[in-house]
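Work through the exercises below with the sequence and coordinates open. Try each task before reading its solution.

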Amino acid sequence: MHFSRAVSAFALVSLFSVGCGEPLPGAEGKAPPQVAPELLSQANALTTNIYNGYPVTVSGGLGSLQTFTLVNPAPAAKLSFTLRGGSGDADLYVKRYYEPTLTDYDCLSDAYGSTENCVYTTSVEDDQWYYVLLYGFEAYSNVTLLAYYSNPLPLATTVTTGINQLSRTVYEVDVPAGKKRLQVTATKPAGVNGQFKVYVRQGSAPEVPNAVECTADSNVSLPAVCSIVDPAAGKAYVMIEGVTNVNSVSLRVDVLTK
């Protein structure tokens, strides 16, 4: 199913079925693209690898095609592909296991502008290949492409995990209205070696190093604490990055009334 006029097409994908989110008003009249098959084949031959949690800045001309490949490194509740920022109009196509075309995909997000979202919410498992196609509905420049897997983190709940060097793990937090402070605390047990960093952003996942609201480093202070005053109600995103391998990191998020 494809809503070509949706402001943000949002896919909920399983191994056995594909659904699209409800279309939103405001982008009437965007025509489906027409591209020669040989141009798509050329783009697929030049595909670029992308990595979980690491943003890539992309630019392209009118009618341009760029392809990317992600191997999901761990099972998760959700896997998201987003376009943010920059200028112009790039459309986002994503497909699991196979390269998408302009007519064959799991998710198409084709809003006017370059704010796009494709999200898998079921069967996000180890070592799955995901393929991304960017189409220049208009010329676009300095747009950020980000792929990241995430898990929900309930407030006032401690989660403990090991992290690998250069890994980036994202947690989603639901922030209620009317709170004075969002506080993220991460620590490691005494005697455990290694360094990690914490990044926090409201509304979207952190795009390190440019789009981050708070950063904490375990080598500067332990516990590493990030606080946001007067947080907005809605989603907040916490990213843990392994500067080195760390066998055990404990993470907790609280909302405070003062």
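The model is predicted: local features need pLDDT of at least 70, side-chain atom pairs count only at pLDDT 80 or more, and totals for chains, interfaces and linings use all residues. Residues are numbered from 1 along each chain as its sequence is written, and side-chain values use heavy atoms, with hydrogens and water left out.

**Exercise 1.** Find the disulfides and state their handedness.

Solution. 
1. Apply the criterion: a pair of cysteine sulfur atoms within 2.5 Å. The count is two.
2. Take Cys-107 and Cys-118. Their sulfur atoms are 2.1 Å apart. The S-S torsion is about -85 degrees, so this disulfide is left-handed.
3. Cys-107 lies in β8 (107-109) and Cys-118 in β9 (116-120), so the bond ties together parts 11 residues apart in sequence. Strands are DSSP runs of E, at least two residues, numbered from the N terminus.
4. Check burial, meaning under 20% relative accessible area (1.4 Å probe, protein chains only). Cys-107 is buried at 1%. Cys-118 is buried at 0%.
5. Take Cys-214 and Cys-226. The S to S distance is 2.3 Å. The torsion is about -105 degrees, so this disulfide is left-handed.
6. Read the pattern with bonded cysteines counted along the chain: 1-2, 3-4.

Methods
Helices (H or I, at least four residues) and strands (E, at least two) are DSSP runs, numbered from the N terminus. Buried means under 20% relative accessible area, exposed over 50%, partly exposed in between (1.4 Å probe, protein chains only).
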